[in-house]
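Let us walk through this structure step by step, beginning with the parts of one chain and ending with the place where two chains meet.

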Amino acid sequence: MSAQLKVNPYLPQAAEVVDNIEEAPGIVTLKLRLTDADARAAYTFQPGQFNMLYLANVGEVPISISSDPSEPEIIDHTIRAVGRVTEGMVRAQRGDILGLRGPFGTGWPMEKARGRNILVITGGIGCAPTASVVGYAHARRDQYGKISVCHGVRKPDDLIYGERFQSWCNAPDTVCMFASQESAPGWTGRTGLVTQLLDDLEPGAVEGMTMMCGPEPMMRAVAEELLKRGRPIDDIYVSMERSMQCGIGHCGHCQYGKEFICKDGPVFPYERVRRLMAVKGF
Amino acid sequence: MEPSLLPRSQFDNLIRALEDDGYRVFGPTARAGAVVFDEIHGADELPRGYQSEQVPGRYRLEHNGHDRLFDFVHGHESLKRFTFAAEERLWTITHNGQVKFNADLPDGKPTAVIGARACDIAGMKVQDRTFIEGDYAAYTDPYYGIRRRSLFVVAVNCATCASTCFCSSMGTGPRVSNSFDIALTELGDEFMVETGSPAGESLVKRLHLKPARPEHEQKVVQQIEAVAKSQTRSIDNFGIYELLFGNLDHPRWDDVAARCLSCANCVMVCPTCFCHREGEVAAMDGESSQHVRQWDACFTMEHGSTHGARLRPQVKQRYRQWLTHKLGSWWKQFGTSGCVGCGRCITWCPTGIDLTEEAAAIRANPGARA
């Protein structure tokens, strides 16, 4: 793929839908395989990176890669139908051809986290980029310490990744915890904000690397709370989201102060985005 | 190559030589009350005798009846329209049976542009940092790259400037210093001709011009110095990133938002603004589709929207996005200011907002909070 990116980074390559797995209503995981053998052989990625996926006649969207980088021939993308392009994309059938450009952006600090505990904080409708963190660590279970996943939602119905979380919870040395701002009958998680889950964790759980993805106010609140508790800022990472149309820092939409989210991120050390996250309208 | 002299009466020879070399020749033309670049075949199509009045929010082209060709300073267009197309097709898909992707690269036809100013060339070099692989970009945009490589620049040193010009303060002009093929300075009824590339040299040699004398070079220097001295606007770039990003809650943002229409004229006339949106134009029969791009602007609501959420709903946030980027974060991203001092955004702003004043107002009262 890198060869194609060097020649024309705007031109997608054909990728075949190998499978379409429904995760929840309106959310699927598309397994894609580049049709060109050379492109397939050249394609590698890091957990946390994203591809630009193209649906014929409709358009392109950035989608994070959710599968394991050790198997780059089949590339998983978990997609929620939220707009014109993704509404069509979730309906793609086995054998359909999509366009794929990538991979783009920075990955999670999985090397830096080696040998340490990992605290994953997610929020909202479920954040695909963090799935790659948990998947990566689980596939290399002996290289990482305890994995704690804290997920915050506004109301219990928003918890649509139930099954995936369940499989994570059943994995060794992994804890999943949930918080919902509103309660409902049958809700067994905490009622409140995701920050409150930090109190429920074993003390050791927060002493590793924190990797977050979700609404910015949530990530900021958790990061500031961790700092208050004496955690070093260098151990806090966030995955940011902005409109991205090119993926290579040319189209300008994802600019966040001096950062291009698409190429300097989407994964950032919290320190790099901390100042702007406190300001509305960037 | 030593400077030479081209009589104004022989300007056609330059155009013809470019055409003989296979260039499409573009030059400034007066049309509908403004100067626009158009394909030209003779010097009689140039805006002879025109001057422009440019003040914040006002542009008037006036015909004064003199013989000079380039005293109009500049119009709203810069070199950007030749290197970064306002709208272009990036690729096409066809899918009768199987989806196929085909790049629609520009034809790369050699294009010569007469009349580029120092600020235009500086603007192009700023955009090179965005679009051409190097210290600041990981990938070359081939659409930009092909147009850029096909461009032959006949620059003109300004003999006069608009009230909105401040290239001198940005260190980008008034004299062109590099990245040109030929540079002209209009003196009396002749041009001093300098060359800046092997292609420029070989073309000028074929014109068999008389060499310029030291007094011509002196006149050129005097003329350019006078232009620089006549500029009254400036931007103080010292610590400007820290200044602007340290004053994101400054009341001046509310003040300017009350005057800003969020129309994006400033972006459209800026020689360095590179934002573009991509879109899809599908054929009615569903058998093919074109993927196109257009210039975009951070003043539109969509520019700052992410999956439908409007991140910069207020005008003040959008103006702040533009100015903090143009004058501030551009330095961090590309090692240069995003402003070349052409002043177009001041002239073409319908309400006459002057970015030099906006930056100065924040510098004059740092730390104020709305």
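In this predicted model, the C-alpha centres of domain 1 and domain 2 of chain A lie 23 Å apart, domain 1 being the stretch 2–104 and domain 2 the stretch 118–277. The two domains touch, with 19 residues of domain 1 of chain A in contact with 21 residues of domain 2 of chain A. On the domain 1 side, at least two residues each are supplied by strands E1 (13–24), E3 (50–55), E4 (59–64), E5 (75–80) and E6 (97–104) of chain A, and E6(A) gives the largest share, three residues. By class, this side of domain 1 of chain A divides into 10 nonpolar, five polar and four charged residues.

Turning to a sheet of chain A, one finds an open arrangement of seven strands in the order E10-E9-E8-E7-E11-E12-E15, with mixed pairing. Strand E10 (190–191) and strand E15 (267–269) of chain A are its edge strands, each pairing on one side only. E15(A) runs antiparallel to strand E12 (236–239) of chain A and is joined to that strand by three bridges, with Val238(A) standing opposite Phe268(A). Helix H4 (128–139) of chain A packs on the sheet, where the helix touches E7, E8, E11 and E12 of chain A, and its direction makes about 155° with that of E7(A).

Finally, there is the contact between the chains, which takes 33 residues from chain A and 39 residues from chain B. Among the elements that give two or more residues to the chain B side are helix H3 (118–131) and helix H11 (315–334) of chain B, and this side has 17 nonpolar, 16 polar and six charged residues.

How values were computed
Residues are numbered from 1 along each chain as its sequence is written. Chains are lettered from A and ligands numbered from 1 in the order in which they are written. This is a predicted model: local features need pLDDT of at least 70, side-chain atom pairs count only at pLDDT 80 or more; totals for chains, interfaces and linings use all residues. Two residues are in contact if their C-beta atoms, placed from the backbone, lie within 7 Å. Helices (H or I, at least four residues) and strands (E, at least two) are DSSP runs, numbered from the N terminus. Ala, Val, Leu, Ile, Met, Phe, Trp, Tyr, Cys and Pro count as nonpolar, Asp, Glu, Lys and Arg as charged, and the others, Gly among them, as polar. Domain bounds come from an automatic or database domain assignment. Two strands pair if DSSP finds at least two bridges between them. Axes are lines fitted to C-alpha atoms, for helices over the stretch in contact, and angles run from 0 to 180 degrees between N-to-C directions.
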